[in-house]
Amino acid sequence: GLVPRGVNLQDYLHVTSVHLFKERWDTNKVDHHTDKYENNKLIVRRGQSFFIQIDFNRPYDPRRDLFRVEYVIGRYPQENKGTYIPVPIVPELQKGKWGAKVVMREDRSVRLSIQSSPECIVGKFRMYVAVWTPYGILRTSRNPETDTYILFNPWCEEDAVYLGDEKEKEEYVLNDIGVIFYGDFNDIKSRSWSYGQFEDGILDACLYVMDKAEMDLSGRGNPIKVSRVGSAMVNAKDDEGVLVGSWDNVYAYGVPPSAWTGSVDILLEYQSTKNPVRYGQCWVFAGVFNTFLRCLGIPARVVTNYFSAHDNDANLQMDIFLEEDGNVNSKLTKDSVWNYHCWNEAWMTRPDLPVGFGGWQAVDSTPQENSDGMYRCGPASVQAIKHGHICFQFDAPFVFAEVNSDLIYVTAKKDGTHVVEAVDTAHIGKMIVTKEVGGDGIKDITDTYKFQEGQEEERLALETALMYGAKKPINTDGILKPRSDVTMNFEVENAVLGRDFKLTITFQNNSHNRYTLSAYLSGNVVFYTGVSKTEFKKEAFEVTLEPLSLKKEEVLIRAGEYMSQLLEQAYLHFFVTARVNETKDVLAKQKSTMLIIPQLVIKVRGARMVGSDMVVTVEFTNPLKETLRNVWIHLDGPGVLKPRRKMFREIQPNSTVQWEEVCRPWVSGHRKLIASMTSDALRHVYGELDLQIQRQPS
């Protein structure tokens, strides 16, 4: 450019090159625990120092030369918004503040130790070096090679997401494979999920999610705001977010939720197409949200709540209306009990709440209820939920209802009156679980959400919640009918998909009277959300009970009755009601069972070593009496192979298909291969294989 007369800019410092030490093995990435990211830019965590080296055109003289490093993010950088950060050269670094200290001067090079603020914005910064001259500033030109990602730092005590326990950080920040629990409280099933937060392109995809939400840059250093925006953006309702939810068993023009094996495909597709990906259900939303949180450096885990209340009117009460003959009245019954529901917990301090409510926060990205005009939920302090302090933001009443509602059976009489038949206070929130730290086992965390049923503290927490505005329209205490002389229970034997099975109902008469009962069995195919699709079995029968006797009734359920109606997760729900004719007492019991589904078999041959070819085989045998059509098999293994899929037009009954893929692992240590299969008639078929991948001999 133009220079004043008589001025020789060569007298002033000129930057010839900048070195960021951004290789995987460099101390910057190793010390900041970012060496697993497949990204060749510098990635550091905030509040912790890192090294850079600047080469000048001549030796640097601190007495007459003045320069500084600048970090810039966004379109209109401003210092007061934290989007333009001038980093001064200081004699000593100070905790909690930006600063750069010269740690080495050698010939024409200067090595700096730079420390960022633990409250710094999280994102991708552009970096410049500015040299002062009397005639203005000489700034280096824009160079994408020096771009620097700054993430949350659970290793830094001043960071809002600081987590003390080393093993927990290893699990909740650095583990890229997880286990998600689903199924039924009496039949808990688990499946592995590839979070893949370090895979190529995922960090940029997670930052894109915040850009797409048009999230204010100055809020991106606050984990409360980031997790709240994430919970709105992972679902596509109202904001063109990542995933479209579908619970109606129709998945045209998309991938069925059960087919996904991890988050990588979903996030990369979202970023490349700029359109929501089809389709997800709760565990898919939770899996993708977990990737988003861990990738940015917020400790996170997926939790599953068995018998989760979806309380449409948030009144802590799930009303199940019965007809006079004991049938469920589906028109009046609006609330639904999900067999299970998955959400996430993120770890952070809550300076916006009173002391003691930091730690795990419930965040849920499944679009269930509107919160401040958008489908999102949380962060809600788990500690506040346990103690009933549901006045604290965000969405605590909804989460409290999911784990604490009462199940109320009400008979809707023909004259329009309602009679409470039974109250079940222990059914909802039966058990809340997550994956254990350092293993694939299950960890029961129910006691972090609620006190044990019947304890004094539990009643107190409920009273606190009611005081803070949780609604409970019917006072169910003390209006229960006296216990009937007759008790009823039923058991469903282990049912294998495509086979007949038995259901046994036991009636017991505890009195000296003889009774006759009119009983009714209804078998329904249900979504895991507890919503019924079709009734496939209807049976009414009379039972005569002699005094002090026990009687068993067996009902045979034939495969032909349910197979044509089955849904994704092969849930069958049975409802048995009986009326004692002499006393008019109504007995009601319900149970759901999950059919046992065949598995995929994964085998590996060849050296299990980084950089060596390895052959992976996926096998499946069709156990049904019908031909499976439009079969897709998905295969995934973070660090071992990129997600891929293959289609088989059809698989005949009892025949086996095999699919071979060659891969070259690039990450050593404990890894997992995960496969899923989906077809028109059969879904939720999984397989997995644990691998120990050796390092390359040096």
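A: The following account takes the annotated residues as a group and then turns to two of them in detail.

The model is predicted. According to the UniProt record, an unreviewed entry, the annotation "binding site" covers Asn-404, Asp-406, Glu-453 and Glu-458. These residues are spread over 55 residues of sequence, yet they cluster in space, with a largest C-alpha distance of 13.1 Å. Asn-404, Asp-406, Glu-453 and Glu-458 are also included in the lining of the largest cavity.

Asn-404 belongs to helix α8, which comprises residues 396-404. This residue counts as buried because its relative accessibility is 16%, below the 20% limit for that class. Among the buried residues of α8 are Phe-398, Val-399, Phe-400 and Asn-404. When neighbours within four places in sequence are left aside, Asn-404 is in contact with Ile-428 and Lys-450.

Glu-453 is found in the loop between α9 (446-449) and α10 (456-467). Its relative accessibility is 37%, so Glu-453 counts as partly exposed, a class that lies between the limits of 20% and 50%. Again leaving aside neighbours within four places in sequence, Glu-453 is in contact with Thr-425, Ala-426 and Glu-458.

How values were computed
Residues are numbered from 1 along each chain as its sequence is written. This is a predicted model: local features need pLDDT of at least 70, side-chain atom pairs count only at pLDDT 80 or more; totals for chains, interfaces and linings use all residues. Side-chain values use heavy atoms; hydrogens and water are left out. UniProt positions are given in the numbering used here, feature names are shortened, and annotations may be inferred rather than shown by experiment. On a 1 Å grid over the protein atoms alone, a cavity is a set of points where a 1.4 Å probe fits but cannot get out, and a pocket is an open set with protein on both sides within 12 Å along at least five of seven lines; lining residues have an atom within 4 Å of a point. Helices (H or I, at least four residues) and strands (E, at least two) are DSSP runs, numbered from the N terminus. Buried means under 20% relative accessible area, exposed over 50%, partly exposed in between (1.4 Å probe, protein chains only). Contact means heavy atoms within 4.5 Å.
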